[in-house]
Amino acid sequence: MIDRVRCSSSLAPRLSLLGVALTACLFWAGCGGGSGGAGRVTIQNKGSDTMVNLAQAWAEAYRQVAPEVDVEVSGGGSGQGIAALIRGTIDLASCSRDMKPEEIDQAKKNTGKEPREFIVGYDALAIYVHKDNPLEEITFTQLAGIYAEDGQLTKWSELGVKLPGTADDTIVRVSRQSSSGTYEFFREHVLADKDFKLGSRDMNGSKEVVELVASTLTAIGYSGMGYATPAVKMLRVRSQPGQPAVAPSVENALNKSYPVSRSLLLYTLGEPAGPLQEYLSWIRSDAGQRIVEETGYVPLAPADRAP
Amino acid sequence: MSSSSSQRFTATPLSRRKARQEALARWIFCGMAVAMIVPLLLIVGYLFERAWPSLSLSFLLEVPARGMTEGGIWPALVGTIYLVFLSLAVSAPIGILAAVYLNEYAGDHWFNRLINLAVINLAGVPSIVHALFGLGAFVYAARFGYSIVSASLTLAIMTLPVIIASTREALASVPRSFREACWNVGATRWQTIRAVVLPNSISGILTGVILQVSRAAGETAPIMFTGAVFYKVVQKGDFFAYGLHQQCMALSMHLYTLSTQVPGVKESIPFATAVVLLGAVLLVNATAIALRVYLRARKRW
Amino acid sequence: MNSGAMPQEPAEGWAVRRARRGLWALAGERLLEGLIYLCGISAIVFVLGIFFFVFREAFPVLGKENFSLTQFLFSEQWYPTSATNKRYGVLAMIAGTLSVTALAMVLAVPFGLGAAIYISEFCGSRVKETLKIVIELLAAIPSVVWGFVGLTVMSRLIVQYTGAPVGVNILNGGIILALMSVPIIVSIGEDALKAVPDQYREAGIALGATRWQLVWRVLLPAAKTGLLAAVLLGVGRAVGETMAVLMATGHAVHIPHSLLDSVRTLTANIAAELGEAPEGSDHYRVLFLTGVLLFTLTFIVNLTADFIVRGIRKK
């Protein structure tokens, strides 16, 4: 037993040495700032869940344009992007709504710099139903009846719809978690600032909304049109009784005839410079806007693009 | 025992009924135990089957492509490794020393009972509360920002009880006579610990450390708000992809975003990500178990 | 194993060693022991730290006039971002947490205790070892993987077999949580059964009891507090679980009426909204307050379980 104690007593220091070496290795990696060391630039982009896939696609493609720039993309929502910008912890906040005046004040007070806004594309908020749902168009009044707090519409038959192959008539409302940019935009423009009826399924991502609608015959949901799949149908939307019902599409969003379209925004603190400025003008160039279109959003009109 | 005795005597209606009862109880309880194994096998099998088209070595080494709908998981894998080892570097020394204190120094005193209680509660705090703590303490108050440092410190505190508990168990299994022998040749308490207690329990401690790795690798909520990102550009096969002040991707977070936020992902990719995460965690755990079984068999006291 | 009971080191041994080892070594040792002590109390520091930081972020909202604690606890109106009338009531989320946890326990307790009884009383040592390993592996599955299973596999099964319109609901979350909390129930339950002295078993068998009678009449009553602790720890696990319920329960703010309703739990509510709540806003603080609520809830559950377990050990 004494033997055993002896020979293994040297094990502990050796192991701890290994641990120290490992940690040192990690720290070395850390302080080097990742691969390549000093030459690298990091751009932190945070914000809107609607735009997170777009931001990701930009970051991925920008690698080919400027290999020395690392772009970090996180979602979390427009609110969080702005909050982080106000704290000065990120470089770019992506936003699917405008920055509120008090947020701009806060940013000025906190960082001494004025937030600068860049429109980088447009999004049409589509109303989705299951592909077998016979409904083709919907009005703002009906949407408010379904979603708003005082709304009385709970059955598909009240919309004059007979769903094929099911006795279940209750509308399954699919919504987004409160304070996502999409949720706030829908409330402001469709529900005219009335609150949502509680009890809707509040999904955490635009994709989840579309997937739930795709798998649920009785569901209705709203999400960016970039998330459309063959398993769902986008409804034509009529804002006023006299108006025509308009389908969500690139042209209709660009000429503003689709009633629920919005700008996709990027905010910086102060006038961007250096790599950040290059990244932003690349996003607003033809190359960046092509990605906007590929991701399913509406690109800027050619006249508004950066050269 | 009792069932075999019934064969020696003439079976009466009562003994027959008892035997039936016994058999029934055995089957019911056995069924309940099996009901826990079956889901494990079914889940692993099903996930594996669905993931099969995407599983390959290149899936591990490739970076995500085309808006994360194709390609592999390299950046997430590396991120998880960073988070796990950094949190390990923090929680292993603290946890081991804490266990040493609790097992070797602390008497049965109210304050030490309080420490015990704290350890138990630390283990019971919901992971989302750890996330709130990490956000409030490391990201905001300590000004580490959203970074690997914040995320791994949060993970470290969360996994501390795992290390404390298993290290304590390992230390407690060293017989007291070993310590007494050492004291009797004039060693101080620390010398005893260093020369006798730690070397003889190192394997048990190692098991705890391994379990910490598995726990840390699988957690999502604590890193979601402290340092894990949706996407970061990383070169294929680049191991030194992240700096400590940067944020990183992580496997668990990647699985969550793939299944809730990214549209048009090839169907097998989230499944493959789940299989890699599950496989890694189960493998690490199996290592810990194997180590424990092996050592228990070898133990001479 | 507490060293308080151990014999003190012989005095002369001390003196000899001390004379031989220089002052530095002694100082180094003192330093190290100080470090060990610091690490020892770190758990307390961390628990207090967690409470402090979470409470610190939540505290300012308590004084706000548009916020009332009664509304927070007893209203189901959750409108944290309303443009006209912000309301922060988490009653629906409390109901969500309770319903999912209750279902999980209804499923997990019989199966967990049954498995614990099987492992402890009925099977041979080899089967026992295997089962314990499987349970350990089951406990190791990350919660996000469970959530993924709930979202993709379980929801489809539920829609198929129950005809519910939506597969992410209480039933889904309850089953997932049951599977997640079974391992802890089994392992603590088995410990509790193991703690029953063997004389009890021997006496029962000597009286001609079958194993079933032994379990039902002797072991369960004798181990009931320990089994209660096992159940409590299972409840603690289920209440605190985040990712799995976030993905599997459907996330609807309302008080559920049936097993096939979607609900939102306290934990999932924090996870879903924290990212979007601007720092320092009332919404953000209310989410931290929910964290305080959860912390307190699990604290009480764990404390009770611990007292029960400690009581058994003393016996």
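The bend at a residue is the angle between two axes, one fitted to the seven residues ending there and the other to the seven starting there. Keep that in mind as we walk through this predicted model, where local features need pLDDT of at least 70, side-chain atom pairs count only at pLDDT 80 or more, and totals for chains, interfaces and linings use all residues. Residues are numbered from 1 along each chain as its sequence is written, while chains are lettered from A and ligands numbered from 1 in the order in which they are written.

## A bent helix in chain B

Helices (H or I, at least four residues) and strands (E, at least two) are DSSP runs, numbered from the N terminus. Let's start with helix H4 of chain B, which covers residues 74-105. H4(B) bends by about 30 degrees at B:Ser91, and the proline B:Pro93 follows within four residues.

How far apart are the end C-alpha atoms of this helix? They are 45 Å apart, which agrees with the 46 Å that 32 residues should span at 1.5 Å a residue. The expected span is 1.5 Å times one less than the number of residues.

Next comes burial. A residue is buried if 20 or more other C-beta atoms lie within 10 Å of its own, exposed if 12 or fewer, and partly exposed in between, with C-beta atoms placed from the backbone. Because 26 of its 32 residues are buried, H4(B) is largely enclosed by the rest of the structure.

Two residues are in contact if their C-beta atoms, placed from the backbone, lie within 7 Å. Not counting residues up to four places away in sequence, B:Gln212 touches B:Ser91, along with B:Leu88, B:Thr159, B:Val162 and B:Ile163. B:Gln212 sits in helix H9 (residues 189-218) of chain B, and B:Val162 belongs to helix H7 (residues 148-172) of that chain. Beyond its neighbours within four places in sequence, B:Val162 is in contact with B:Gly208, B:Leu211, B:Gln212 and B:Arg215.

| Residue | Other C-beta atoms within 10 Å | Class |
|---|---|---|
| B:Gln212 | 28 C-beta atoms | buried |
| B:Val162 | 22 C-beta atoms | buried |

## Inside chain A

Chain A has eleven helices and eleven strands. Of its 307 residues, 49% are buried. Among its contacts with a separation of 6 or more, 71% join residues 24 or more positions apart.

A:Ile43 is part of strand S1 (residues 41-47) of chain A. Which residues does A:Ile43 contact, leaving aside its neighbours within four places in sequence? They are A:Val69, A:Val71, A:Asp91, A:Leu92, A:Pro275, A:Leu276 and A:Tyr279.

A:Tyr279 is also one of the buried residues of helix H10 (residues 274-283) of chain A, together with A:Leu280 and A:Ile283. The face turned away from the buried side carries the exposed residues A:Gly274 and A:Gln277. The elements that cover the buried residues of H10(A) include S1, helix H3 (52-65) and strand S2 (69-76) of chain A.

## Domains and chains that touch

Domain bounds come from an automatic or database domain assignment. For chain A, this gives domain 1 (4-121 + 262-304) and domain 2 (124-254). In this chain, 15 residues of domain 1 are in contact with 18 residues of domain 2. The side of domain 1 of chain A that touches domain 2 has four nonpolar, eight polar and three charged residues. Here Ala, Val, Leu, Ile, Met, Phe, Trp, Tyr, Cys and Pro count as nonpolar, Asp, Glu, Lys and Arg as charged, and the others, Gly among them, as polar.

Chain C is divided into domain 1 (15-62) and domain 2 (90-314). The contact between them takes eight residues from each domain. On the domain 1 side of chain C, seven residues are nonpolar, none is polar and one is charged. The C-alpha centres of the two domains of chain C lie 34 Å apart.

Finally, the contact between chains B and C takes 79 residues from chain B and 79 residues from chain C. On the chain B side, the largest share, 17 residues, comes from helix H2 (residues 13-51) of chain B. That side divides into 55 nonpolar, 17 polar and seven charged residues.
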